[in-house]
Amino acid sequence: MKLILSTENTGTESQDQVIELAIIDADTAQTLFNQRFKPSVFIKEQAAAVHGITLGALTHIKTWAYYHDHILEIIKCAESIMTYNADFDFRLMRQTAEAFDRVWPQTITPCRDLRAAYADIAQIEFSEYYGTWKWQKLEVACQQQGIDVSDLKTHNALDDCRATQRLYKKLQGAFDAYWKPFVKPQSTKYEEFKENIEEISQLFSQGIPINHIHQKLIQDGKITLSYTHFTKFFKDYT
C-alpha cells in the first residue's frame with residue numbers, strides 16, 4: 001500500500017514537535033490515522049497563526065508516546081510513503097518520538113517527496129541559484145493542475161493529505177515514472193556524486209535535509225551537478 005502523510009507542528013526548529021498527524025491510502029484516500037497530540041513544548045505564535053491549533057485545545061488529549069507504536073505499525077507496512085515535504089515531516093516525527101523517549105527507526109519505508117518531484121515534473125520556474133526547478137506550495141500546485149480543493153482546509157493535516165492525494169492521482173503516471181529506479185550513468189556528474197558519498201551519507205545520517213546537503217556541497221565547490229541530478233543519484237544509491 002502506498003501512503004500519504006502530513007503533519008502540523010509546534011514550529012520548524014530542532015526542539016519542535018508534531019501536534020497533528022494524518023495518514024491516508026494514496027490510491028483510495030481512505031483515512032488510516034488522524035490524530036492530534038499534546039506536546040511537551042510551547043506552540044510558537046507563528047505556527048499557531050498558520051494552522052490555528054492552540055495549546056489549550058490539546059490540554060486534555062494524549063501525547064505522541066501513546067500512539068507511537070501504532071504509527072510505526074502503519075508506516076512500516078507501506079510500500080512507499082509520500083508527503084509534500086518529506087525531509088521536514090520525517091525530521092519532526094523523529095524529533096517528537098525522541099522527545100518522548102521513543103525509538104525512531106534508522107531506516108523507513110521509501111519516502112517520496114512529492115513537492116520536489118512536482119517541481120521537476122511541472123517545471124514552472126527555474127532557480128539559477130539552486131540549479132533546479134522551484135518548489136510550489138501545495139495549494140498553488142493544485143491550482144496549476146486545475147484540481148478542485150475548495151472543500152479542503154489548508155494547513156490541516158488530513159485535508160493536506162487529501163490535496164496531496166488529488167495531485168498525485170492527477171499526475172500519477174508522471175510521478176510513478178519519476179520515482180522508478182534508473183541505471184547509473186557513467187558520467188562526470190555521477191563521478192562527482194561518488195567522490196562525495198561518504199560526506200553525503202554522514203550528513204544525511206545527522207538528519208540534514210537533502211537540499212541543504214546539496215547546497216553545502218555546491219558552496220564548498222565539491223560538486224557542480226544540479227539538485228535534480230543530485231536527488232536522482234541519491235535515490236538510486238539509497
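Tutor: What follows goes through the sheet strand by strand, then through the parts beyond the sheet.

First, the ground rules. The model is predicted: local features need pLDDT of at least 70 and side-chain atom pairs count only at pLDDT 80 or more, while totals for chains, interfaces and linings use all residues. Residues are numbered from 1 along each chain as its sequence is written, and side-chain values use heavy atoms, with hydrogens and water left out.

Now the sheet. It is open and has five strands, in the order S3-S2-S1-S4-S5. The pairing is mixed. Strands here are DSSP runs (E, at least two residues), as are helices (H or I, at least four), numbered from the N terminus. Two strands pair if DSSP finds at least two bridges between them. S3 and S5 (111-113) stand at the edges with a single partner strand each, so one side of each has no neighbour in the sheet. From one strand to the next, the twist averages 25°.

Take S2 as the reference strand. S2 covers residues 18-25, and eight of its eight residues are buried. Buried means under 20% relative accessible area; exposed is over 50%, and partly exposed lies in between (1.4 Å probe, protein chains only). On one side, S2 is joined to S1 (residues 2-9) by seven bridges, and the two strands run antiparallel. In this pair, Ile4 has Ile24 of S2 as its bridge partner. Glu8 stands opposite Glu20, also in S2. Leu21 has Gln35 of S3 as its bridge partner. The hairpin of S2 and S3 has five residues between the strands. In this hairpin, Ala29 takes a positive phi near 70°.

A contact is a pair of heavy atoms within 4.5 Å. Axes are lines fitted to C-alpha atoms, for helices over the stretch in contact, and angles run from 0 to 180 degrees between N-to-C directions. H4 lies across S4 and S5, at about 45° to S5.

Follow the chain on from H4 (114-122). Glu125 sits in the loop between H4 and strand S6 (126-127). Glu125 is partly exposed, at 42% relative accessibility. Beyond four places in sequence, Glu125 touches Thr132, Trp133 and Lys134. One of these, Thr132, belongs to strand S7 (residues 132-133). Thr132 is buried, with a relative accessible area of 9%. Setting aside neighbours within four places in sequence, the contacts of Thr132 are Asp120, Glu125, Phe126, Ser127, Tyr227 and Thr228.

Now the cysteines. The structure holds zero disulfides. A disulfide would need a pair of cysteine sulfur atoms within 2.5 Å. Cys111 is in none; its nearest cysteine sulfur belongs to Cys161, 14 Å away. Cys111 counts as partly exposed, at 35% relative accessibility. Cys142 is in no disulfide either, and the sulfur of Cys161 is again the nearest, at 12 Å. Cys142 counts as buried, at 0% relative accessibility.

Last, the later helices. Two packed helices are described by the angle between their axes and the distance between the axes. H9 (residues 197-205) and H10 (residues 210-219) pack at about 140°, with axes 10 Å apart. From H9, Glu199, Ile200, Leu203 and Phe204 meet Ile210, Ile213, Lys216 and Leu217 of H10. The buried residues of H10 include Ile210, Ile213 and Leu217. His214 and Gln215 in H10 are buried as well.

Gly221 follows H10 and has a positive phi, near 75°. Lys232 lies in H11 (residues 227-237). Lys232 counts as partly exposed, at 31% relative accessibility. Lys232 and Trp179 are 53 residues apart in sequence, yet 8.5 Å apart in space, C-alpha to C-alpha.
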